[in-house]
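Please consult the sequence and the structure below alongside the text.

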Amino acid sequence: MDGTIIRSRQDSTGWGYHIIIQHDNAIDPDDSSKTCTLYSCYAHLSELLFEEAEFVTAGQQIGLS
């Protein structure tokens, strides 16, 4: 899903390199007649391909594992 990178960094507490994407105006999983903001988290990456505040589209590679 398209979204904005809100976190792209290395974490020292066990997640390693990780990315969090914010998906605005997503279909609410509890009520398909509404929209909401969803978040996706990808952790344990070996390399990050995007920085915070960048916009990504569905299907783009965001990191390596």
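What percentage of the contacts in the protein chain with a separation of 6 or more comes from residues 24 or more positions apart? Such residues account for 38% of those contacts, a contact being heavy atoms within 4.5 Å. The model is predicted, so local features need pLDDT of at least 70 and side-chain atom pairs pLDDT 80 or more, whereas totals for chains, interfaces and linings use all residues. Residues are numbered from 1 along each chain as its sequence is written, and side-chain values use heavy atoms, leaving out hydrogens and water.

**Overall chain**
- The protein chain contains six strands and zero helices; strands are DSSP runs of E with at least two residues, and helices are runs of H or I with at least four.
- Of its 65 residues, 25% are buried, meaning under 20% relative accessible area with a 1.4 Å probe, protein chains only.
- The C-alpha atoms fill a box of roughly 40 × 20 × 20 Å along the principal axes.

**Sheet**
- Four strands form an open antiparallel sheet in the order E3-E2-E1-E5, where pairing requires at least two DSSP bridges.
- Its edge strands are E3 (31-45) and E5 (55-56), each pairing on one side only.
- Strand E2 (residues 16-28) pairs with E3 over nine bridges in the antiparallel sense, and Ile 27 stands opposite Thr 35 in E3.

**His 18**
- His 18 lies in strand E2 and counts as buried because its relative accessibility is 4%.
- A polar atom of the His 18 side chain is 3.3 Å from the backbone oxygen of Gly 16.
- Leaving aside residues up to four places away in sequence, His 18 touches residues including Arg 7, Asp 11, Tyr 42 and Leu 48.

Key. Buried means under 20% relative accessible area, exposed over 50%, partly exposed in between (1.4 Å probe, protein chains only). A polar contact is a pair of N or O atoms within 3.5 Å; within protein, one must be able to donate a hydrogen and the other to accept it, and residues adjacent in sequence count only if both atoms are side-chain atoms.
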